[in-house]
Amino acid sequence: MKPLSNRSVVVSDKKFTLAEGSYLPAVIKGLGITMSHFFKRPATVKYPEQQREFSEVYRGKHVLKRDENGAERCTACGLCAVSCPAEAITMVSDERKKGEEHLYREEKYAAIYEINMLRCIFCGLCEEACPKQAIFLTKEIAPANYEREDFIYGKDKLVEGVEPMKRIDISKRQDR
Amino acid sequence: MSLLKVTIDNKTIEVEPGTTILQAARMIGPDVAPPAMCYYTKLKTSGGYCRTCLVKVSKGSEKDPRPMPKLVASCRTTVMDGMEVENFTSPEVVDARNGVVEFLLLNHPLDCPICDQAGECHLQDLSYENGKSKTRNEFERRTFEKIDIGDKIQLHMTRCILCYRCVKVADQFTPERVHGVINRGEVSEISTYIQHAVDNDFSGNMIDVCPVGALTDKTFRFKSRVWFLKPVDAHRNCDKCSGKTVLWKYGQEIYRITGRKDQWGEVEEFICNTCRFDKKAPSDWTEEGPRKLSRHSVISQGHYGTKTKFVASPVTLPNKQLS
């Protein structure tokens, strides 16, 4: 049979020579490889202090956007939940009352919006499906946690702040 | 009387005299049946308003083989012997239908993310198949205040496409006429005339016949999206109607109740308001089983088969504290 690559080695059970039987050449060769790595660039970074450069369109933790007036854009239409292949998103909608126009953009809003981060595969289909440009994935990493309940992110963790300082810039994702 | 032979999109069928082209096409099957927004089999004199069912008659009949000069509304045109009709095979028809959809969408707001009808909306399906993604209309869409028709039905006149189906329901199921279309042309609107409440036992059926989200169930308003619910056929003994309905369930909770719709989106049997609005406890109903859905329907999303093929045998855990 023709080999798939030229890296295959034919195995034989021939007897070792005296030099091979002492294992010393192989040990020295292995040490040489190890020592050569002292002078090469390390493959890892020292994570919390040092961070790798992220792609502009990295898909991390979600954000629920507010519009320019600070009203939530999400109308709980359910398209993110229906497109989600991991079924990580659930929501309960409610009707906007009089006097809440500054809080919610449309007459319907998500009273409860939850993403189970243990289920989420960060595929970005939810932001793809969103007709209101309400949900986006950010560069932020969803942190590790101890309890399962803490991985279910509600609106308190997902909705961005009203103040200009707390807004999350997603313009790079919109430009695509 | 002898049967009439009619050919629609190269498929031939023999039908009774007096059958319309649309009915004949539906007898052949969904491949050739033109879409219809206003025509409703069970409502007399419905049809002829929306023009989505336009077809081309390329041969009038055996005796007079001349083609009809213009596209005709198939819901209002009866078949003749030897008639040949082109529907999806004619580019002219497809083009005309695209134009009709554009007209229907002139004033229709694109608030599908909010609308309770989304997912089972005929206009949504129609515009998905025939519509353009952009409107050429440069003017403001007409808007109306929301109106309550009775305490269970809400009218979003903004979304209405004036198909008159609900008016026919009110006309044909109620003793006195309390609901109609007022004004003319672009400013016409369906109304109960000075907010006169429709409190007939069968008024809820106007929700089912509405092809768009203009008439919606207030008891279901913003409760859920239709594709998150599981439709289940059910019945109960009702002294007013047949009691055969579809329950839209989320878990064990019944979110709303509608009539059973056939493959053309038409209600099989009209149901009364008691069944529709007041009987939301699971104990009121005898369930018959999950409703058959088209695999491509958004409503069948996430509904995996009901049969469990493999049931794990109970495993006896060793006496070990897990926590």
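If you want one pair to click on, B:Ile8 has B:Lys11 in β2(B) as its bridge partner. And just so we're clear, this is a predicted model.

What packs on that sheet? Helix α1 of chain B, residues 21–28, does, and it touches β1, β2, β3 (54–59) and β5 (83–86) of chain B. The direction of α1 makes about 115 degrees with that of β2(B). Then there's helix α2 of chain B, residues 91–104, which lies across β3 and β5 of chain B and runs at about 160 degrees to β3(B).

Zooming out to the sheet itself: it's open, with 5 strands in the order β2-β1-β5-β3-β4 of chain B, and the pairing is mixed. At the edges you've got β2 (11–15) and β4 (72–73) of chain B; each has a single partner strand, so one side of each has no neighbour in the sheet.

Now, the other sheet I wanted to show in chain B. This open one has 4 strands, ordered β13-β12-β11-β14, and here the pairing is antiparallel. Which strands sit at its edges? Those are β13 (253–258) and β14 (286–290) of chain B, and since each has a single partner strand, one side of each is left without a neighbour in the sheet. On average, neighbouring strands here are turned by 35 degrees against each other, ignoring direction. Inside the sheet, β11 (residues 230–235) and β12 (residues 244–250) of chain B run antiparallel and are joined by 6 bridges. B:Val232, for example, has B:Leu247 in β12(B) as its bridge partner.

Chain B as a whole, then: 6 helices and 14 strands. It has 323 residues, and 37% of them count as buried. Taking contacts in chain B between residues at least 6 apart in sequence, 62% join residues at least 24 apart.

Over to chain A. β2(A) pairs with β3 of chain A (residues 108–116), antiparallel, over 7 bridges, and A:Thr90 stands opposite A:Glu114 in β3(A). β3(A) also pairs with β5 of chain A, residues 152–153, again antiparallel, over 2 bridges. There, A:Asn116 has A:Ile152 as its bridge partner.

Last thing, how do the chains meet? The contact takes 12 residues from chain A and 8 from chain B. On the chain A side, the largest share comes from strand β2 (residues 89–95), with 3 residues. By class, that side has 6 charged, 3 polar and 3 nonpolar residues.

Note on methods: Residues are numbered from 1 along each chain as its sequence is written. Chains are lettered from A and ligands numbered from 1 in the order in which they are written. This is a predicted model: local features need pLDDT of at least 70, side-chain atom pairs count only at pLDDT 80 or more; totals for chains, interfaces and linings use all residues. Two residues are in contact if their C-beta atoms, placed from the backbone, lie within 7 Å. Ala, Val, Leu, Ile, Met, Phe, Trp, Tyr, Cys and Pro count as nonpolar, Asp, Glu, Lys and Arg as charged, and the others, Gly among them, as polar. Two strands pair if DSSP finds at least two bridges between them. Axes are lines fitted to C-alpha atoms, for helices over the stretch in contact, and angles run from 0 to 180 degrees between N-to-C directions. A residue is buried if 20 or more other C-beta atoms lie within 10 Å of its own, exposed if 12 or fewer, and partly exposed in between; C-beta atoms are placed from the backbone.
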